[in-house]
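Biologist: I am new to this structure and would like to learn how to read its features one at a time. Could we begin by looking at it together?

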Amino acid sequence: MSKKLRKMESFEQVKVNLLGRMIDPKRKENKALLCGDSAISYGALDKKSCRYGNALKKFGVRNRDRVLMLVRDKPEFFYFYLGLMRIGGIPVALNYRLTSADIAFIIKNSESNLFILEDCFKEIFLEAIKLSNSKIDSIIFDPDEESPSRFGDLVMDADETLEVLVPSLEDEAFWMYSSGTTGKPKGVIHSYRTLLASKRYFGEVLKIGPGDRVYSTSKLFFAFSLAHSFFSSLTLGATVILDPDWPDPESVSKNIDLFRPTVVLSVPTLYRNLIRGGFAEHPNFKMVKYYLSAGEKMPENILSKWELLTGCPVLESIGATETCFLFLSNFPNKKQAGTCGVPTPGTKVKVLDEDGVEIVESKHIGTLWVKMESVSLGYWRLEEKTKEVFRNGWYCTNDMFCINDDGMFEHQGRTDDMLKISGQWVSPSEIEEKVLEEPEVLEAAVVGVPNEDGLIRLALFVVAPQISGSEEGFEKKLMDRLSSELSIYKCPRKIFYRESLPQTATGKLQRFELRKMVMENQTF
């Protein structure tokens, strides 16, 4: 059988499993979604998404229309998203912590004709409309209200069957907006080819299937959750656990106790807070088969403490909006603390030096490039940036990595975060991890700033409310330890105390804001 034929068959399976009649008739009663007191079967999800797709067509959505969404993690997210994809529409789920200015930019930039939103986001939507000075139709709904609406009436009258309109693998399927640490949000375009990765890591490595329950604390507008808690879970027949509210340790613990997930997707900050709040010691945390961590590097002390308390492995991973799915991850049978593991199935990687030459020696730092089925088509209306990072099927992650002697990939930070001090490359994350070993420190960030001689020196920012009034003693203790464990050029010259660290709406640290703060401080 040819490679091309195998790919086409895989795509037909994706259309059947995810976009078409998503279910094996024998499994139509299996639970697809759990949300609060609601349990949605695969059969009900199939019918609902068909109804929504038919209603959206009657509402005026055409093939290849981009449709913006501000919808929380509720069953309606799935109904709208799948309904749009089935009729060839292009869903664009937005972070509902974006500012009205960012939403206004996206309305104009995406050239969308329709905005779907929950009633709770109506105020910020109206503010964004004013700022954008644009006209856009909208579907505003309240999932908890029974009162009829124009769109609700269309759903009630809609047919429960719907033919899938997906002409080719390379057609646009969905967008995500990447909110980086600087600049405006970028529209990241994904084709239907991305969906071919649905069975790769979850299916081939973790063996997820019917009977598994997948719970992501990261919201569905994040690539981490959309790829694995939506695409992979539904394609493989697992059950997705939903919570519309923003996660905190209490709600996460409650969901784990109530729904008993077998797989949990989260981020290091939440794992740390669950440990500090004593939640990780609850018995049901020990029932989880796999914990996944992504979004930022997980300090080794947090990982080891988590595994000690729960007895369950944490599989540290990394992906990107531009790849949707994870491109590196630890595996159950191949894991190492402090690393992002190895390439996921179907992924090729290479680490290039400053001259674009592939690095083959271990422990040499370079920029990671990846090639996989789910690499984005590029950025909307950013041709030069697209040419810069997307080349012949490869994507430049702008993440710095080295490969250790065991063949595991170690993350060294972003290319724009890496610093050269005294002629040596310095990874801020290495220093931050050491600082976070201090029990008083909740958050830490290191930036490089030129001193009066123009030489780059390190400044450390910490969130440590417990040490207020005893900074001098804390600094001596910290600096004594850092100087004994790190090279002298890796030790920060000054410490700044903050109540919080500046972040984007997607939770990424804004180092440029920290650099600005240091530059404005005349004592550095």
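Biologist: How many of the 11 residues of helix α4 (residues 100-110) are buried?

Modeller: First, a caution: this is a predicted model, in which local features need pLDDT of at least 70 and side-chain atom pairs count only at pLDDT 80 or more, while totals for chains, interfaces and linings use all residues. Residues are numbered from 1 along each chain as its sequence is written, and side-chain values use heavy atoms, with hydrogens and water left out. Helices (H or I, at least four residues) and strands (E, at least two) are DSSP runs, numbered from the N terminus. Buried means under 20% relative accessible area, exposed over 50%, and partly exposed in between, with a 1.4 Å probe and protein chains only. Here α4 is mostly covered, with eight of its 11 residues buried, among them D102, I103 and N109.

Biologist: Which elements do the buried residues of α4 pack against?

Modeller: Packing is read from contacts, meaning heavy atoms within 4.5 Å. The buried residues of α4 pack against the strands β3 (66-70), β5 (114-118) and β7 (172-178), and against helix α5 (122-132). After α4 comes E111, whose phi is positive, near 55 degrees.

Biologist: Which residues have the most contacts inside the largest nonpolar core?

Modeller: A nonpolar core is a set of buried Ala, Val, Leu, Ile, Met, Phe, Trp, Tyr and Cys residues joined through side-chain atoms within 4.5 Å. The largest one has 97 residues, and I116, F230 and F231 have the most contacts inside it. Its largest share, eight residues, comes from helix α3 (residues 75-86). Beyond its neighbours within four places in sequence, F231 touches, among others, Y81, M85 and F174.

Biologist: In what order do the three strands of the open sheet lie?

Modeller: In general, strands of a sheet pair through backbone hydrogen bonds, either parallel or antiparallel. Two strands count as paired if DSSP finds at least two bridges between them. The order here is β24-β25-β26, with mixed pairing, and the edge strands β24 (443-450) and β26 (494-497) each pair on one side only. Strand β25 (residues 456-463) runs parallel to β26, joined by four bridges, and F461 has F496 in β26 as its bridge partner.
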